[in-house]
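Biologist: I've got a model open and I'd like to learn how to read it. Can we walk through some features together?

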Amino acid sequence: MKCRHCKSSRTRKNGKVKGKQRFLCKECGRTFAGKAPKFSAKTKQKAILMYLNNVGIRKIALFLDCSPSTVLYWIRQKHSKLKILPETSVNEDIIELDEIYTYCAKKNRYSRNRQRVAAFALGEGLAAAGEIYSKIKSVTPNIQRIFTDANSCYNEAFKKMVIPEPHTMTKAQTHLIESSNSSIRDNLARFNRKTKRYTKSLDLLVITLELFFNRSTVLNNIF
Ligand SMILES: [Zn+2]
């Protein structure tokens, strides 16, 4: 049995854990399980591709012949390897805010300069509106103007916080964030309208969105 870590052949049996043979490497001193991994990196990658293209966890498990908890584990594993760099920009920018509702409510903000969703906040109404403003302010100090729809929570939150930036409520200026939110609906099963699929844990919602917003990186890097 070759060492899983250093590929050395100088290994020996090292007892069993939960019925599975373990090996000890005399070269690097580490131990490893004897059996080859059940699922290839390619299969795991396929699961992520499906997950970010509107296939729910249970269906992925069905198609790939594994358990839903295994799929969940891969999603979390993929996310743990994702390095999200803080994107601070001092350039003047116009911000669009919009909200998308799921079992857990969520708000997104869209930076026109960066042409992407720069961050999101989870929560309801006023609190989330305040949080999203603070988040955007921290990475984009130089906000020229903020556009939202007529959802009153923004107006209330901004009045309460006494923000210096002009805030305009108009549907005509939130196309970019709305199209981003509609792409979330199209590609993430848990955000589909009229669905029974919903998010049981907030941390999984965050993981899912971060994978989605960084999907080019996620899908271009094999497991
Ligand atoms: Zn080794």
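Biologist: Which residues in H1 meet which residues in H3?

Modeller: Keep in mind that this is a predicted model. To read a helix pair, look for the side chains that face each other. Here Lys-44, Ala-47, Ile-48 and Tyr-51 of H1 meet Val-71, Trp-74, Ile-75 and Lys-78 of H3. By type, that contact splits into 6 nonpolar, no polar and 2 charged residues.

Biologist: At what angle do H1 and H3 pack?

Modeller: About 90°, and their axes are 10 Å apart. Angles of 65 to 115 degrees count as roughly perpendicular, so H1 is roughly perpendicular to H3.

Biologist: Is Thr-43 buried, exposed or partly exposed?

Modeller: For that, you count neighbours. Thr-43, which sits in helix H1 (residues 41-51), is partly exposed because it has 15 C-beta neighbours inside 10 Å.

Biologist: Which residues have the most contacts inside the largest nonpolar core?

Modeller: Leu-97, Phe-120, Ala-129, Ile-132, Tyr-133 and Ile-136, in a core of 20 residues. Elements supplying at least two residues each include strand S4 (93-100), helix H4 (125-139) and helix H7 (202-213). A separate core of 10 residues has Ala-47, Ile-75, Leu-211 and Val-218 among its members.

Biologist: And how far apart are the C-alpha centres of domain 1 and domain 3?

Modeller: They lie 52 Å apart. The domain assignment gives domain 1 as 1-36, domain 2 as 40-81 + 201-223 and domain 3 as 93-187.

How values were computed
Residues are numbered from 1 along each chain as its sequence is written. This is a predicted model: local features need pLDDT of at least 70, side-chain atom pairs count only at pLDDT 80 or more; totals for chains, interfaces and linings use all residues. Domain bounds come from an automatic or database domain assignment. A nonpolar core is a set of buried Ala, Val, Leu, Ile, Met, Phe, Trp, Tyr and Cys residues joined through C-beta atoms within 7 Å. A residue is buried if 20 or more other C-beta atoms lie within 10 Å of its own, exposed if 12 or fewer, and partly exposed in between; C-beta atoms are placed from the backbone. Helices (H or I, at least four residues) and strands (E, at least two) are DSSP runs, numbered from the N terminus. Axes are lines fitted to C-alpha atoms, for helices over the stretch in contact, and angles run from 0 to 180 degrees between N-to-C directions. Angles under 35 degrees count as roughly parallel, over 145 as roughly antiparallel, 65 to 115 as roughly perpendicular and the rest as oblique. Two residues are in contact if their C-beta atoms, placed from the backbone, lie within 7 Å. Ala, Val, Leu, Ile, Met, Phe, Trp, Tyr, Cys and Pro count as nonpolar, Asp, Glu, Lys and Arg as charged, and the others, Gly among them, as polar.
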